[in-house]
Amino acid sequence: MSELIEHLMATPLAAVALTLAAYFAGDRLFRALRAPAWCPPILVAALLLAAALWLLGIDYADYQAGAGWLMLLLGPATVALGLPLYQQMGHIRALWRPLLLCLPIAAGMAALYAVGIAWLLGAPPEILASLAPKSVTAPIAIGITERLGGSVALMMGGLLVTGVAAIGSVGLVARWLGIRDERLLGLALGINGHALGTVRAFEIGPTAGAFASLGMSLTGILTALLLPLAWRLPGLVG
Amino acid sequence: MPALRGFLWLIGFLLIGDALVTLAGLPVSAGVAGMLLLTAWLVLHGGGFDAIAAAARPLIAALALLIMPGVVGIFFMLDELAGQLVAILAALLLGTLLSVLTTLWLMRRLVGDDDASTREATHE
């Protein structure tokens, strides 16, 4: 049995099939259980996938080598976000002034709160470096974490938790503050919840989706530019 | 095959972005550079992006699927993180709630809660 699994895992196809199967099964289960909106299907799917790998005795490194083919598509998918961005250019032009002021603060806060809380609770520098890019979309965040000296695996896990937390928090806070404006909801989802938040924003509507793409990409760019600089400030890591 | 032709466009912008980022030594990822290039190109050319849309829409819909392989890794390093799990979860959950609160509050002050957009939003 284990030899057969080893043979099948020699090509990326088995890993890709496992990922797709877990994704659709997670989606199905999500619908069947009528899960609330704060629990995205991806969380269910990730748990299913982890359980399947564990049950089949597949080494995570072997799985990742094959599934890397799927992650390769993250590049073109990030480029694809330029389309909704273009389609909402009118909205963005009308708001460029508040956006210019707001985005750096919001993107900075997304990193600062998490690093601050972890630092107060005594987390070591390696963990702080892995948590700092938690609100940044995966392809950019990988680069940032490597530069800061964090663990990419922990950072990716942090992305999942952050995405789920951002979707839940936006729902909660929006209801609390009485905000229904799609532009604000989209921006908050994109800035704080990266790709997972953006997927959720497209479910709310195309305007929210476009603003989430905008928030996600600008957060990514700003964090990639500023975080490595901020990291050198004394006292933060020490 | 408009979707495949669009896919070629997307990869093309990604590769140009990669080349620019590498040559200029920018700290941005190739994907983001490609995305900004695509946006700029669409602004300059206006319409005629049916092929790009045919490739872009399914890819955007699959974003969550595409990060799954990386995300699952966390379940295999829980042992290593045992002592730090509380700090990590508190930072992620509380940190995200606080930053969402800050973002929405700040945005509403600066952008305003537009009635027209709210009306648009209600017929989802």
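Me: Is W96(A) buried or exposed in this predicted model?

Reply: A residue is buried if 20 or more other C-beta atoms lie within 10 Å of its own, and exposed if 12 or fewer do. W96(A) has 9 C-beta neighbours inside 10 Å, and therefore counts as exposed. This tryptophan is found in helix α8 (residues 96-120) of chain A.

Me: How far apart are W96(A) and P133(A), in sequence and in space?

Reply: They are separated by 37 residues in sequence and by 25 Å from C-alpha to C-alpha.

Me: How should I read the packing of α11(A) and α12(A)?

Reply: Two packed helices are described by the angle between their axes and the distance between those axes. Here, α11 (residues 152-177) and α12 (residues 182-204) of chain A have axes that come within 8 Å and cross at roughly 140°. The pair is therefore oblique, and the crossing is left-handed.

Me: Which residues make that contact?

Reply: From α11(A), the contributors include L159(A), G163(A) and V170(A); from α12(A), they include L185(A), N192(A) and R200(A). By class, the residues of this contact are nine nonpolar, six polar and one charged.

Me: How many residues do the two chains bring into contact with each other?

Reply: On chain B, 74 residues touch 88 residues of chain A. Among the elements giving two or more residues to the chain B side are α1 (2-24), α2 (30-45) and α6 (85-111). The largest share, 24 residues, comes from α6(B). That side of chain B comprises 55 nonpolar, 14 polar and five charged residues.

Definitions and conventions. Residues are numbered from 1 along each chain as its sequence is written. Chains are lettered from A and ligands numbered from 1 in the order in which they are written. This is a predicted model: local features need pLDDT of at least 70, side-chain atom pairs count only at pLDDT 80 or more; totals for chains, interfaces and linings use all residues. Two residues are in contact if their C-beta atoms, placed from the backbone, lie within 7 Å. Helices (H or I, at least four residues) and strands (E, at least two) are DSSP runs, numbered from the N terminus. Ala, Val, Leu, Ile, Met, Phe, Trp, Tyr, Cys and Pro count as nonpolar, Asp, Glu, Lys and Arg as charged, and the others, Gly among them, as polar. Axes are lines fitted to C-alpha atoms, for helices over the stretch in contact, and angles run from 0 to 180 degrees between N-to-C directions. Angles under 35 degrees count as roughly parallel, over 145 as roughly antiparallel, 65 to 115 as roughly perpendicular and the rest as oblique. A crossing is left-handed if the near helix is turned anticlockwise from the far one by less than a right angle, and right-handed if clockwise.
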